[in-house]
Amino acid sequence: MVVGVDHQQRSDGESRSRWRNHNYSVSFRDKLLYYRQEAIQFATCFLVLAYLAVTSNYFVFKFRLYVRHGRQAVASPWILLVLAFECLYFISFLISAVDNLLPRSRRSKLPPLDVEYGAGDPNEQQCPPPPPMVHVLLTCCSEPTEIQTETICAALALDYPHDRFKVLVLDDGAQDELKAICENLQIEEGGGGGGGGDIDAGSGAHDADNIDQTITPPPRRLQYLRRTKLPGVPHHFKCGNLNYGLEHSSESEYVVIVDADMILHPSFLRRMLPYLVNSPNVSFAQIPQCYYNLQVGDLLNSSSIMVYDRMFPHRDSANIATCVGTGAVFRCSHLRSIGGFQPESVSEDTNTSFLLLSKGFESVYVHERLQIGLAPWTLEAFLKQRIRWARGAIQQVATWNILLGRSSKLNWVQRLLVFWHTFSIITPILNTLMVPLLIVMLGLNLNFSVGSLDENLVLVSYMSLTPITWRILWVVLWVDIAKSRTGRSSDRLIDNIQARNREESYFWWISPYMFVMLLKMINWNSSFVFKPTGNVDKQQMETNSRKGGAGADGNMQDCCRSAGRFTQVKVHLVCVAAVIGIVTLRVVLAVKHGDCVEWFRVIGLSLFLLTTSFHLLLPIFFLANSSSHLKPADRKSLLCYDARGVPTFDPESTTGRPQWAWSALVYEALSFAVFAYWVGVLCLSIVMKSHDGSLGWCNMQNSF
C-alpha cells in the first residue's frame, strides 16, 4: 500500500538527482537493506490486513450469536458491555492501522550545506551567495540557569557563519539571573553592559568553572528578550513566547525552535537547511528528541522509540510528520502566512504543523540525532509532561473546522491521522473502564457465555486468532524499528525487546492518569497553569532538600516522604492488589470444583488481568527504586565537553537507547506465555469441537 505517492515520488526524484550530482553509488549492502525493508513492510501490511480479517470474522460471528440468543445476552448485560468495549478497541485499531500501513520514507540523506561564501573563482568573477539568515529561538521559563547557559553556548557554537545566525534567548520566566548571564557574556567580551530587556551580546562564561572563557563569537550573535505580560491579556504560554521571538526575526529567513534543556550539535544547521533551501514548499524540518539522562531500563518509556524511530519515519512518506516542539527549523514566510505559531492549544507545535500542512505546504522528518536533552527526572514531572501533551491534542478539536474542512488541502490519510491525534484518547478511557469491569466479572463469577457448546467453541477459536495475529504483528513492527537503528545486531535485538515491552506497559499504566485528565477537562472553561517539565523536577528537588533533616526526626521525615510518593500510584496499587486477591480466590475455587470449563474461563481472564497488573507495576517499581536513579546532580557527568567547555556529542554514536535492565526479560516471558496460551486455546477448541466437546479429562457437555 502506498500513501502520499506524489510527495514521495517528488522526494525520491529529488534524492536520486542529488545522488547523481554528488557521485553517490548504491552498494550491494544498501540494496540488501532495501529489499529487507520491503519484506518487512510487506509482512506488516499482510499482518495488519490479517488482523482486520480475523477480528471482523470474530465480530460477525459474535453479533449473530448474540442476535440468535438475544434474551440470554440481555440477561447478562455485562457481556454486552464487554462487546461494546471490544468494538471501540477495534474501531481505534482500524483508524491507527493507517500508521502501520504507511511505507517508510525513502528520502535520501542530503549532504551538509556548503556555507563557504565571499571568495569566488577569479576566472568566473563571481562569489558564492551567502547562506540564509537564521535565528535560533531558545525558549526559557525558569529552568535552572546552569542548564540554560550550556544550551546557549551550544547554540552559539553552531558550525555556521557567525554573521548569518543569531541566538534569541526568550525569557518567559523573568529571570534576572539569566538576564545577568547574558549581560556578563557581553561584558566579558568587551561589548559593554546592556541594561533593559533587549541585550545584544557576544559570548563568554558566566561560571568559569563550568564554561571556558575561550568561546568568542562575534558581537550581536546573542540577544536577550523578555516580553511584557499585561494582566488580563492572554499570554499563550510557550506559543506566545515563540511569536514574540518571531516578531524580532524580521531579518531572518528561517527560525529554529529549541527548548532550554536541549543541546544542538554544531552541524545542526548545515545538516537541516538543505531540506528547506532547495524545496520552497517545505515549511519545516524536524529531528527526533534524544535524551542523555534516561534511567536504567527506562521504566517510564521516556525514550518514546516507537514515535521517533517508527511512526515519524513512516508518516514522513505521507507528508504528515509534525513538529515536536524542539529541534525544528521553520521557514519564516510560511509561519507569517498563517499568523505565526498557533495558540489554540497548549501543544502549539503540532497545532502549527497541522495548519501549515493543511495549506498545502510540506514537512520533512530528518532521522538524525542532532539534539540531546533532559527527560523528566521524576514521575511527577513525567506525568505533567504527558498529560500536557494529551490535553493539547484534545484542545485541537477547536481547529478541526479548518484542518478537516473543505478548504483544507490535506488528503484523506492526513485527515484521518489528524483526527486520530485527538481521538486516540479513547484507548486510555477504554483501558480504565474495562479492567475494573473484568475484575468484577471474575470476582463474582459472572456468566461469560451465550449459546450452545458448539457455538462457543467456534467463537473461542475465532477469538483466539485475534491476540495471536496481533502479537505477531507487534513483534514485526519492532523488527522494522530495530533495522532502522544503528549499532550491533545483538545490541539492537536486546534494546528492541526492552523498548517493545516498555511501550506496551506504557499503554496500560498511563491510562488512569489520562482518564482523570479527561474528567477534569469536562469543564472546558477551567483554567490551565503551564509549568515546564524541568521546573517540576526543580521544585520537587528543592522541596526534598528543605524537608530533609538529621537524626531520628530526619529519618522519619524521609520515610513519610517516601510513603507519600506512592499516592501518585494509588490507583495502580489498588488494582494490582484486587487482581492478586481475586485471581487467587477464583483459581482455588476452580481447582476445588474440578470443572474444566471454569478452569479455562478463570485461566484466560486471570492471565489477562495478571498481565495487565504487571504493566501497572512499572510506575510503582520506578518510585520504589528512586534512590538508585540518576539525579540532577549527576547531570554534568553524563555530558561530554569540548576544549572550550561547550557540551557536545557524536550524532553517529548517540542512539537514544537506555541501558538494559534484566526486568525486561520478565515481561518478554509474560508476552510469550500469553501468546502460547492463545495458541493452546485455539488448538484445544478445534480438538474439542471434533470430539463433540468431550475429552477423557474434560467433558464440557455438562456445563452447557
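**Note on helix 19 and its two partners**

1. Helix 16 and helix 19 are roughly perpendicular to each other (65 to 115 degrees counts as that). Helix 16 covers residues 426-443, and its angle to helix 19 is about 110°, with the axes 8 Å apart. Axes are lines fitted to C-alpha atoms over the stretch in contact, and angles run from 0 to 180 degrees between N-to-C directions. Helices are DSSP runs (H or I, at least four residues), numbered from the N terminus.

2. This is a predicted model: local features need pLDDT of at least 70, side-chain atom pairs count only at pLDDT 80 or more, and totals for chains, interfaces and linings use all residues. Residues are numbered from 1 along each chain as its sequence is written, and side-chain values use heavy atoms, without hydrogens and water.

3. Which residues of helix 16 meet helix 19? They are Pro428, Ile429, Asn431, Thr432 and Leu433. On helix 19, the partners are Ser511, Pro512, Met514, Phe515 and Leu518. Contact means heavy atoms within 4.5 Å. The contact divides into 7 nonpolar, 3 polar and no charged residues. Ala, Val, Leu, Ile, Met, Phe, Trp, Tyr, Cys and Pro count as nonpolar, Asp, Glu, Lys and Arg as charged, and the others, Gly among them, as polar.

4. Helix 13 (residues 379-395) packs on helix 19 (residues 511-520) at about 50°, with axes 10 Å apart.

5. From helix 13, Leu383, Arg386, Ile387, Ala390, Arg391 and Ile394 meet Tyr513, Met514, Met517 and Leu518 of helix 19. This contact has 8 nonpolar, no polar and 2 charged residues.

Technical notes
Helices (H or I, at least four residues) and strands (E, at least two) are DSSP runs, numbered from the N terminus. Angles under 35 degrees count as roughly parallel, over 145 as roughly antiparallel, 65 to 115 as roughly perpendicular and the rest as oblique.
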